[in-house]
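Let's take a walk through this structure together, starting with the big picture and then stopping at a few details. Have a look at it first.

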Amino acid sequence: MERRTIGATALDVGAIGLGCMPMSWAYSRSEQRGDRSLRTVHAALDAGVNLLDTADMYGPFTNELLVGRALKERRSEAFVSTKCGLLVGDQHVVANGRPGYVRRACDASLRRLQTDVIDLYQLHRADPEVPVEETWGAMAELVSAGKVRALGLCAVGARAVRRGADLHEGTIRQLDRVQQVFPVAAVEAELSVWSREALARLLPWCAARGVGFLAAMPLGSGYLTGTLTPGGGFEPDDPRARHPRFTAEMMAANQPIVAGLRRVAARHGADVTPAQVALAWVLGLGRHVVPVPGAKRERWVAENARAAALRLTAEDLTEIAALPAPRGSWD
Ligand SMILES: NC(=O)c1ccc[n+]([C@@H]2O[C@H](COP(=O)([O-])OP(=O)(O)OC[C@H]3O[C@@H](n4cnc5c(N)ncnc54)[C@H](OP(=O)(O)O)[C@@H]3O)[C@@H](O)[C@H]2O)c1
């Protein structure tokens with residue numbers, strides 16, 4: 001696996017990471033099985049996919065517990081990224097950026113992860129009630145205390161942004177502010193063939209400052225893999241069941257995007273998949289970019305890891321650039 005160095009603190013990671021979220025949160029919950037997921041994490045480490053991206057809110061808490069079971073045996077092989085700042089209730093999620101809360105959340109994450117240090121500690125969402133500098137200052141103290149190696153910030157999600165506003169304007173403002181307090185090592189935000197908004201300002205902001213970029217949802221929540229059937233349906237508690245881009249109509253309307261990825265894949269060999277093309281496209285956006293595809297199956301992890309060796313040609317990139325814009329609102 002190719003290695004990439006991200007952030008001023010030169011974090012060294014495999015070029016493809018593993019998003020652990022689907023193992024315990026969000027997608028197809030009836031398929032979430034602890035032992036299989038644990039095997040998937042081990043398979044990732046075996047393949048050099050060492051960046052494990054989790055968060056205390058995934059589960060909540062159970063995803064960190066799962067990752068902790070793998071870390072207990074193979075801590076030195078893994079790079080663990082987790083997040084704080086969001087609290088999950090029965091029907092809602094709220095931000096909490098109070099310094100005391102951040103300190104307690106970090107200690108709890110360390111316990112669940114069965115480690116004494118977190119490689120990348122990310123602020124999941126800034127708390128509108130707390131100046132972000134205060135939250136970030138508390139996180140910086142965790143670095144001084146040796147509990148955390150580097151700090152990251154997650155972009156504000158599409159749903160939280162006012163219609164018509166620049167998607168990443170608020171995130172960039174937050175980044176400029178926290179950067180005055182303590183260096184940002186990485187930013188995590190959605191970036192994929194069908195969600196390219198980060199290319200406009202956020203990715204260049206990171207590139208100009210030597211800040212790493214973790215590309216979340218690089219497979220379009222599974223859609224870009226071509227394995228989801230329009231009208232196939234989702235489990236009731238799967239967010240895609242209520243998502244405007246995942247209605248049967250919009251999934252059918254967006255098939256030309258998948259077809260384009262298939263055409264590119266076919267040029268590279270019969271065993272190359274649309275998922276691998278989608279990941280190779282993200283990898284090609286810069287040496288500071290690391291996609292973190294989510295998966296709960298070993299098979300997907302092995303397939304996604306092989307995308308690190310796929311080099312897209314100028315013809316491929318032209319074809320992908322010309323794919324139609326996705327139909328269906330993202331919020
Ligand atoms: N910071 C943030 O605010 C934020 C927000 C969203 C996500 N994230 C992070 O980003 C990670 C990735 O995002 P995501 O998981 O939402 O979406 P994603 O990576 O775009 O897609 C994940 C889905 O694709 C499926 N999949 C993976 N590889 C596949 C393959 N080769 N062929 C067919 N299907 C495949 C998985 O299926 P199975 O589930 O069946 O394995 C999973 O349902 C998350 O896990 C999380 O760590 C961060």
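In what order do the 8 strands of the open sheet stand? The order is S3-S4-S5-S8-S9-S10-S11-S12, and the pairing is parallel. S3 and S12 stand at the edges with a single partner strand each, so one side of each has no neighbour in the sheet. Strands here are DSSP runs of E with at least two residues, helices are runs of H or I with at least four, and both are numbered from the N terminus. Two strands count as paired if DSSP finds at least two bridges between them.

Before going on, a word about what you're looking at. This is a predicted model, in which local features need pLDDT of at least 70 and side-chain atom pairs count only at pLDDT 80 or more, while totals for chains, interfaces and linings use all residues. Residues are numbered from 1 along each chain as its sequence is written.

Now the overall picture. The protein chain has 11 helices and 12 strands, and its C-alpha trace spans about 50 × 45 × 40 Å along the principal axes. For 331 residues, a compact globule would have a radius of gyration near 20 Å, and the chain's 19 Å agrees with that. (This radius is taken over C-alpha atoms, and the globule rule is 2.2 Å times the number of residues to the power 0.38.) Buried residues make up 47% of the chain. A residue is buried if 20 or more other C-beta atoms lie within 10 Å of its own, exposed if 12 or fewer do, and partly exposed in between, with C-beta atoms placed from the backbone. Of the contacts with a separation of 6 or more, 79% are between residues 24 or more positions apart; a contact means that two C-beta atoms, placed from the backbone, lie within 7 Å.

Back to the sheet for a closer look. Strands S4 (residues 51-53) and S5 (residues 79-84) pair in the parallel sense over 3 bridges, with Leu52 opposite Val80. Further along, 5 bridges join S8 (residues 118-123) to S9, again running parallel, and Gln122 stands opposite Gly152. In S9 (residues 148-154), 6 of the 7 residues are buried, so this strand is largely enclosed by the rest of the structure.

There's an antiparallel pair to find as well: S1 (residues 3-6) and S2 (residues 11-14) are joined by 4 bridges. Arg3 has Gly14 as its bridge partner. The two strands form a hairpin with 4 residues between them, and Gly7 in the turn has a positive phi of about 80°.

Next, the helices. In H10, the residues Trp300, Val301, Asn304 and Ala305 are buried. They cover an arc of only 130° around the axis, which puts them on the same side of H10; the arc is that of the directions from the helix axis to the C-beta atoms. As for the pattern, residues three or four places apart in an α-helix point the same way because there are 3.6 residues a turn. Covering the buried residues of H10 are, among others, strand S3 (18-19) and helices H1 (34-46) and H9 (274-283). H9 itself is largely enclosed by the rest of the structure, because 10 of its 10 residues are buried. Its cover includes S11 (212-216), H8 (255-268) and H10.

Ala307 sits in the loop between H10 and H11. This residue is buried, with 23 other C-beta atoms within 10 Å. Ala307 and Ala275 are 32 residues apart in sequence, yet 8.2 Å apart in space, C-alpha to C-alpha.

What surrounds the ligand? A shell of 29 residues does, and the closest include Gly19, Met21 and Leu219. To be in it, a residue needs its C-beta atom, placed from the backbone, within 6 Å. Helix H10 (residues 298-306) gives the largest share, 3 residues.

Most residues other than glycine have a negative phi, and most peptide bonds are trans. Gly59 and Pro60, however, are joined by a cis peptide bond, with omega about -10°. Met217 has a positive phi near 50° without being a glycine, and with 21 C-beta neighbours inside 10 Å, Met217 counts as buried.
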